[in-house]
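This briefing is meant to be read beside the sequence and the model, and its points are grouped by topic.

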Amino acid sequence: MEGGWERAREISRRMARGAADAGRATVRASRATASGTARAGKATAKGARKVGRATRRLTYANGAGRTGLGRLIELSAGNSASDALVTVALASTVFFGVPVGEARGSVALYLVITMLPFALLAPFVGPILDRLRSGRRYVMAGTLFGRGLLCFAMAAAVGPGDLPTLFIGALGVLVLSKAYNVSRAAIMPNVLPADITLVSANARVALFTLVSAGVAVPLGAGLTAWLGPAAVLRIAMLAFLLLGVVAVRLPRHVDSPDLEEEGAAPRWRTLLKVGPAVAEAVWANVAVRVFSGFLLFFLLFLVQDQAVPWLAVKEPWAQEPFFDIPKTIALLAGAAGLGGLVGAAAANWTRNHAPQLIVLVTLALAAVTVITTAIFFGVWTALAISLVAAFAQELGKLALDAIVQREIGEEVRSSTFGVVEAVLQLAWVFGGLVGLVLSLTQSSVAGLVTVSVVLTAALVWLLIARRKRVRATAEKLRRARAEAADQQRPDKLDPTKPLTNPNG
């Protein structure tokens with residue numbers, strides 16, 4: 001009996017020692033995990049600080065920190081990232097997950113609704129901003145605060161599926177985003193350092209906004225899958241509110257004094273009143289935007305319908321296993337994103353070239369690429385044309401911004417940018433609708449030939465108009481020189497002076 005008790009006590013002691021050892025091992029593992037987590041957190045924080053310092057050096061280079069351009073770049077990058085979060089959240093809520101046939105109707109309705117606010121509000125946004133030149137910081141902050149409130153409303157509408165609220169909120173975010181872009185473009189000359197040209201400054205802003213949006217899209221997609229679209233909209237709300245505070249704290253010289261001419265009627269900008277240089281750049285960009293909107297929806301639905309050569313193969317042995325529908329769409333989107341980045345970088349590289357030449361070159365490049373793609377249509381040419389479309393749109397728009405900032409006075413610069421933004425948006429929507437309709441033919445040749453004819457005609461028309469303008473200017477200059485030389489001729493008699501005999 002005593003032996004049994006001894007064995008039981010020994011087993012109990014061993015179990016206690018095992019439990020103690022297990023506890024010590026758990027504590028050691030917990031400490032190791034905590035230490036590893038702390039080291040990982042410190043490494044992440046250190047890496048983030050290094051990235052932040054490197055980014056600050058880039059944004060504040062060449063005197064940009066002294067004039068306020070660096071802070072404007074950072075604000076625009078945050079604005080772009082927040083817009084990307086809203087786009088991802090709304091896309092996962094409203095626009096995806098419908099059959100292809102129904103998607104065409106939904107996309108067409110979205111494009112038409114997108115067109116309405118610009119057609120109705122464009123004549124008023126620019127003049128209002130021109131009258132608020134002394135408070136542009138507060139205008140920009142208002143567009144950010146407004147989008148934050150709209151994100152709060154849309155987040156509340158996600159759960160019950162309140163589509164009218166979501167559509168109205170999305171349109172409001174879109175309009176306020178364009179108003180922010182108009183204000184930002186209008187104040188660019190006020191923060192331009194002496195060592196940076198307008199094209200280069202615009203390119204720097206565009207480059208950082210594209211990079212921030214490219215980072216925010218996958219991050220927003222992951223957060224949407226994990227937390228849901230409502231949570232992502234609330235995150236965007238907080239981001240917009242914080243950015244609004246940053247906008248208010250921009251340098252004071254961002255604002256301009258309101259110097260109104262007494263008795264002068266308010267001036268309204270149309271494409272007939274912006275001057276020949278600006279009008280030429282606008283029409284070239286209109287053609288490029290029509291091409292960009294067309295290509296997006298045309299290729300998207302051709303791929304969805306498997307009406308492209310690499311997806312339309314019926315024989316299993318001839319099918320390409322890599323280029324299926326999701327991978328093709330991802331590659332096309334990646335090519336478009338890369339094209340935008342290359343366009344912003346190229347704008348910085350071409351800072352010493354005339355922006356008028358740049359817009360015509362981008363239009364010519366788009367026309368040549370479309371013609372080549374129509375002849376040799378395939379997966380690689382489709383990727384190439386997606387890259388070129390984004391490249392031409394980005395580079396042409398940056399050159400156009402520089403032309404407007406240089407040619408248009410500050411008193412009507414915002415209204416000019418308002419008209420330009422509206423016209424370009426409407427051109428993109430029109431191109432998207434045309435691409436949507438032509439995708440029903442399921443013929444890549446028909447659509448690409450149509451858009452190549454449009455681009456070529458626009459390029460020829462602009463070149464002819466430029467040649468006429470150059471000839472008229474040269475003729476006017478020749479006449480002025482001839483009149484000046486005629487006035488300086490020694491044998492030219494002045495009828496007001498009496499005739500005299502030089503020999504007495």
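Is Lys397 buried or exposed, and what is its relative accessible area? Lys397 is buried, because its relative accessible area is 11%, and the cut-off for that class is under 20%. The model is a predicted one, and the values below are computed from it.

**Salt bridges**

- Across the whole structure, a search returns nine salt bridges, and three of them are described here in turn.
- Lys397 pairs with Asp401, whose closest N and O atoms are 2.6 Å apart; the two residues sit four residues apart in helix H12 (residues 379-407), which is about one turn of the helix.
- Asp401 counts as buried because its relative accessibility is 3%, and salt bridges with shared partners bring Lys178, Lys397, Asp401 and Glu421 together in one network.
- In general, an α-helix has 3.6 residues a turn, so residues three or four places apart point the same way.
- A further salt bridge brings together the side chains of Arg147 and Asp83, at 3.1 Å from N to O; since Arg147 belongs to helix H5 (residues 136-158) and Asp83 to helix H3 (residues 69-95), the pair ties together parts that are 64 residues apart in sequence.
- Both partners fall in the buried class, Arg147 with a relative accessible area of 0% and Asp83 with one of 14%.
- Arg469 and Glu280 also meet through their side chains in a salt bridge, again given as 3.1 Å from N to O, and this pair links distant parts of the chain, with Arg469 in helix H14 and Glu280 in helix H9, 189 residues apart.

- Of the 29 residues in H9, 24 are buried, so that the helix is mostly covered.
- The whole structure holds three aromatic pairs according to the search. The rings of Trp283 and Trp461 have centres 6.2 Å apart and planes at 70°, so this pair is edge-to-face, planes over 60 degrees apart being the criterion for that class.
- The tryptophan pair links distant parts of the chain, as Trp283 lies in helix H9 and Trp461 in helix H14, 178 residues apart; Trp283 is partly exposed, with a relative accessible area of 36%.
- Phe294 and Phe298 have ring centres 4.9 Å apart and planes at 15°, so the pair is stacked.
- Because Phe294 and Phe298 are four residues apart in helix H9, about one helical turn separates them, and both are buried.

- In general, most residues other than glycine have a negative phi.
- Gln306 counts as partly exposed because its relative accessibility is 41%.
- Gln442 likewise has a positive phi, near 55°, in a residue other than glycine, and its place is the loop between helix H13 (413-438) and helix H14 (444-487).
- With a relative accessible area of 45%, Gln442 is partly exposed.

**A nonpolar surface patch**

- Leu207, Val211, Val215 and Leu341 make a nonpolar surface patch of about 280 Å², to which helix H7 (residues 198-227) gives the largest share, namely three residues.
- Leu341 is located in helix H10 and is partly exposed, with a relative accessible area of 30%.
- Val215, a residue of helix H7, counts as exposed at 53% relative accessibility, the cut-off for that class being over 50%.
- Although Val215 and Ala84 are 131 residues apart in sequence, their C-alpha atoms are 9.1 Å apart in space.

Terms used:
Residues are numbered from 1 along each chain as its sequence is written. This is a predicted model: local features need pLDDT of at least 70, side-chain atom pairs count only at pLDDT 80 or more; totals for chains, interfaces and linings use all residues. Side-chain values use heavy atoms; hydrogens and water are left out. Buried means under 20% relative accessible area, exposed over 50%, partly exposed in between (1.4 Å probe, protein chains only). Patches are made of residues with over 30% relative accessible area and no salt bridge: like charges are joined within 9 Å, nonpolar side chains (Val, Leu, Ile, Met, Phe, Trp, Tyr) within 5 Å. Accessible areas come from the Shrake-Rupley method with a 1.4 Å probe; for residues, only the protein chains shown count as cover. A salt bridge is a side-chain nitrogen of Lys or Arg within 4 Å of a carboxyl oxygen of Asp or Glu. Rings of Phe, Tyr and Trp (its six-membered ring) pair if their centres lie within 6.5 Å; planes under 30 degrees apart count as stacked, over 60 as edge-to-face and the rest as tilted.
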